[in-house]
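Take a look at the protein below.

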Amino acid sequence: MPIQLNHTIVHARNSLASATFLADMLGLAAPVRFGPFHGVELDNGVTLDFISHDGELIIEHYAFLVSEGEFDTIFERIRARQLPYWADPGHQQAGQINHHDGGRGVYWNDPDGHYLEIITRPYGSGG
């Protein structure tokens, strides 16, 4: 069996709200409750398992490889919600997207401040 990422845990102030936000933004199925988690399953079977956490959150980064069409749809959701977005992870290029490796990419934050990113080409793939 090849080694594959199966799931990761995402700490959130409100696990259902954060999981629902991600599922809505990416156009995925609604989160599924499993014990204390609200899981969002990606198309490749990896699950992001959101768990509520009352303490200080460590801000993480989650990048999603999407098609050109999916990029357009997700980016429109970002703009429709009037969410701030950036072309870079340092939040220096506000209101812009990037064109790394001949594709497109954009960053925005979830309700807890986690960095979300969509890209249409893997980094280092050329172009």
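## Overall fold

The model is predicted. Its secondary structure comes to two helices and seven strands. From the N terminus on, the order of the elements is β-α-β-β-β-β-α-β-β. How does the radius of gyration compare with the globule rule? The radius of gyration is 15 Å, close to the 14 Å that the rule gives for 127 residues, so the protein is as compact as a globular protein of that length. Along the principal axes, the C-alpha atoms fill a box of roughly 45 × 40 × 25 Å. Of the 127 residues, 41% are buried.

## Helix H1

Helix H1 covers residues 15–26.

The start of H1 has a side-chain contact. A side-chain oxygen of Asn-14 reaches to within 3.2 Å of the backbone nitrogen of Leu-16. Just after the helix comes Gly-27, with a positive phi of about 70 degrees.

Which residues of H1 are buried? They are Ser-15, Ser-18, Ala-19, Phe-21, Leu-22, Ala-23, Met-25 and Leu-26. Two of these names return below.

## Empty spaces

Rolling a probe the size of a water molecule over the atoms shows where empty space is left.

| Space | Volume | Residue classes in the lining |
|---|---|---|
| Largest pocket | about 390 Å³ | 12 nonpolar, four polar, three charged |
| Second largest pocket | about 160 Å³ | five nonpolar, three polar, three charged |
| Largest cavity | about 40 Å³ | six nonpolar, one polar, one charged |

Start with the largest pocket, at about 390 Å³.

Strands S2 (32–34), S3 (37–41) and S4 (47–52) each supply at least two residues of its lining. Which strand gives the largest share? S3 does, with five residues. The lining includes Val-32, Arg-33, Phe-34, Phe-37, His-38 and Thr-47.

The structure holds one cavity of 30 Å³ or more. The largest cavity has a volume of about 40 Å³.

Begin with Arg-33, in strand S2. Is Arg-33 buried or exposed? Its relative accessible area is 53%, over the 50% cut-off, so Arg-33 counts as exposed. The side chain of Arg-33 makes a polar contact of 3.3 Å with the side chain of His-38. A polar atom of the Arg-33 side chain also lies 2.8 Å from the backbone oxygen of Gly-35. Both Arg-33 and His-38 belong to the lining of the second largest pocket. Ser-15 is 18 residues from Arg-33 along the chain, and their C-alpha atoms are separated by 9.9 Å.

Next comes Arg-104. It sits in the loop between H2 and strand S6 (105–109). Is Arg-104 buried or exposed? At a relative accessible area of 18%, it falls under the 20% cut-off, so Arg-104 counts as buried. Which side chain does Arg-104 contact? A polar contact of 2.8 Å joins the side chain of Arg-104 to that of Asp-72.

Last, find Phe-50 in strand S4. How far apart in space are Phe-50 and His-11? Their C-alpha atoms are 5.8 Å apart, although 39 residues separate them in sequence.

Technical notes. Residues numbered from 1 in each chain as written. Predicted model: local features only at pLDDT ≥ 70, side-chain atom pairs only at ≥ 80, totals over all residues. Heavy atoms only, no water. 1 Å grid on protein atoms, 1.4 Å probe; cavity = no way out; pocket = protein on both sides within 12 Å on 5 of 7 lines; lining within 4 Å. Points joined across faces, edges and corners; volume = space filled by probe spheres on them. Nonpolar A, V, L, I, M, F, W, Y, C, P; charged D, E, K, R; others polar. Helix = DSSP H or I, 4+ residues; strand = E, 2+ residues; numbered from the N terminus. Expected span 1.5 Å × (residues − 1). Buried < 20%, exposed > 50% of the residue type's maximum accessible area, 1.4 Å probe, protein only. Polar contact = N/O pair within 3.5 Å; in protein donor to acceptor, adjacent residues only side chain to side chain. Rg over C-alpha atoms; globule rule 2.2 N^0.38 Å.
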